[in-house]
Amino acid sequence: SDFSCSKDPKVEPIVEAKGRTILVYLAGDNNLYDEVPGLHASLMKGWAKTEAKDGSLLIFADTRGDEKPILMQIKKVKDVTISDTLMRYDNENSASPELLRRVIADAKLIAPAKSYGMILFSHATGWLPAKAFNNPATWGMAEGDNQNPRLQSIFEDNGREMEFADFVDAIPDGMFEFIASEMCFMSSVETAYALRKKTKYLLAAATEVLSPGFRPVYETSLSLLYKPNPDLKGFAQAFFNYFNGQQGSMQSATISVVKTSEIEALAVLTRDIDLEITQDQIDKVQSYDRKVKPNVFFDFRDYIAQVATSKEMEQLDELLDKAVIFKRNTPRFLIDFRGGFPITTHSGLSVYIPQQNLPRLNKAYEETEWYKAISK
């Protein structure tokens, strides 16, 4: 054939896909920046104890100020665990969906694997619009606040936040075996539903995540995430044990492992339930945010229990058991602080309840995929 004599072009060696690559996305260009070195150190310690010969650990880190964000790989070289900087990014905004998309693509090129996991660290307020959490009742009133109804926020970089829908868009479909979120309020039906095509499992909290978050857990239990079937329950249990073992207000935590493929069935059932609810009923529902009122994160099961028939609750519980494969909670949350609360019930998933005094937030909520799925 004509081809056999042609000069061999330079062929790039194809890196064999093996094991699991975990990408840790540390968006720390905000008031959490001083936590990044500690997280980095405990991830290195956790990696040193991990027997995953085929696994890779990549850390994207953006810290304070003008330093460019970097992508590092944690490696063992002659029994010494090192951190090797592979890339520097010109885009200094870690809350940019373009940058997240690029980092994910680079991770696949640098450490192709049979399976991928992602760990997220930054501020977050679940599906909520950027800036809405601090004062939901007045959010959207300022001129320019409500120009864009697609308003949900996830990472924060120097006051800039990524809209939740853009975050979801930046993740390739079917990419992740799991996404573990060290960010607040991410175990919600809205988040799980939006991520159902992106990740098989979501490990997250319905409440805030107090510092030190996952940091102590990386040291002891990072290796669980490298098992052929990642032991998400074991990792979640280790997180819970750490906080449940604390004293006073530090004994505050919720954690869930959600199988996202089961959320669709939950939406179908919810759509058939009459969700008409009074403010008095709403006030009885377990909430997860330390607000004096109005609350914006409520327990999903407790909400439905106010309005559903007993037969509907039986069906709901069956579906919840399939969707929430693990959940734990301390008996209370930051009880010594203003807005602290007891946790009397915890289904492992939160939900937003539209309320009369939150008209602009209700409108933003109607843009979520979950809301569209349950609307008649």
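Which residues touch the most other members of the largest nonpolar core? Select L266, F300 and W370: of the 114 residues in that core, these three do. A nonpolar core here is a set of buried Ala, Val, Leu, Ile, Met, Phe, Trp, Tyr and Cys residues joined through side-chain atoms within 4.5 Å. Buried means under 20% relative accessible area, exposed means over 50%, and partly exposed is in between (1.4 Å probe, protein chains only).

Before going further, a word on what is on your screen. This is a predicted model, in which local features need pLDDT of at least 70 and side-chain atom pairs count only at pLDDT 80 or more, while totals for chains, interfaces and linings use all residues. Residues are numbered from 1 along each chain as its sequence is written, and side-chain values use heavy atoms, with hydrogens and water left out.

**Stop 1: the core**

Color helix α6 (residues 232-244), which gives the most to this core, with 7 residues. Helices (H or I, at least four residues) and strands (E, at least two) are DSSP runs, numbered from the N terminus.

Now go back to F300 and show its contacts (heavy atoms within 4.5 Å). Leaving out residues up to four places away in sequence, F300 touches V189, L266, T270, L316, L320, S347, L349, S350, V351 and W370.

**Stop 2: zoom out**

Switch to a cartoon of the whole protein chain and you have 12 helices and 15 strands. Of its 376 residues, 55% count as buried. Among contacts with a separation of 6 or more, 72% are between residues 24 or more positions apart. Accessible areas come from the Shrake-Rupley method with a 1.4 Å probe; for residues, only the protein chains shown count as cover.

**Stop 3: helix α2**

Select residues 97-110. This is helix α2, with 14 residues. From first C-alpha to last, α2 reaches 20 Å, close to the 20 Å expected at 1.5 Å a residue. (The expected span is 1.5 Å times one less than the number of residues.)

Which residues of α2 are buried? Pick out P97, L99, L100, V103, I104, D106 and A107. As you look along the axis, keep in mind that an α-helix has 3.6 residues a turn, so residues three or four places apart point the same way.

**Stop 4: a surface patch and its neighbor**

Next, select V77, V80 and I82. Together they form a nonpolar patch on the surface, with about 220 Å² of accessible area. Patches are made of residues with over 30% relative accessible area and no salt bridge; like charges are joined within 9 Å, and nonpolar side chains (Val, Leu, Ile, Met, Phe, Trp, Tyr) within 5 Å. V80 lies in strand β4 (residues 80-88) and counts as partly exposed because its relative accessibility is 47%.

Click on D79, in the loop between β3 (70-77) and β4. D79 has a positive phi of about 70° although it is not a glycine. Its relative accessibility is 77%, so D79 counts as exposed.

**Stop 5**

Jump to F185, in the loop between β8 (176-181) and α4 (189-194). F185 is not a glycine either, and its phi is positive, near 60°. Buried or exposed, at 2% relative accessibility? F185 counts as buried.

Then find P212, in the loop between β9 (199-204) and α5 (215-221). The peptide bond from S211 to P212 is cis, with omega near 10°.

**Stop 6: salt bridges**

The whole structure has 10 salt bridges, each a side-chain nitrogen of Lys or Arg within 4 Å of a carboxyl oxygen of Asp or Glu.

- K200 and E177 meet at 3.1 Å, N to O. The pair links strand β9 with strand β8, 23 residues apart.
- E369 and R196 have their closest N and O atoms 3.2 Å apart. E369 is in helix α12 (residues 369-374) and R196 in the loop between α4 and β9, 173 residues apart.
- R290 and E208 meet at 2.8 Å, N to O. R290 lies in the loop between α8 (279-284) and β11 (298-299) and E208 in the loop between β9 and α5, so the pair ties together parts 82 residues apart in sequence.
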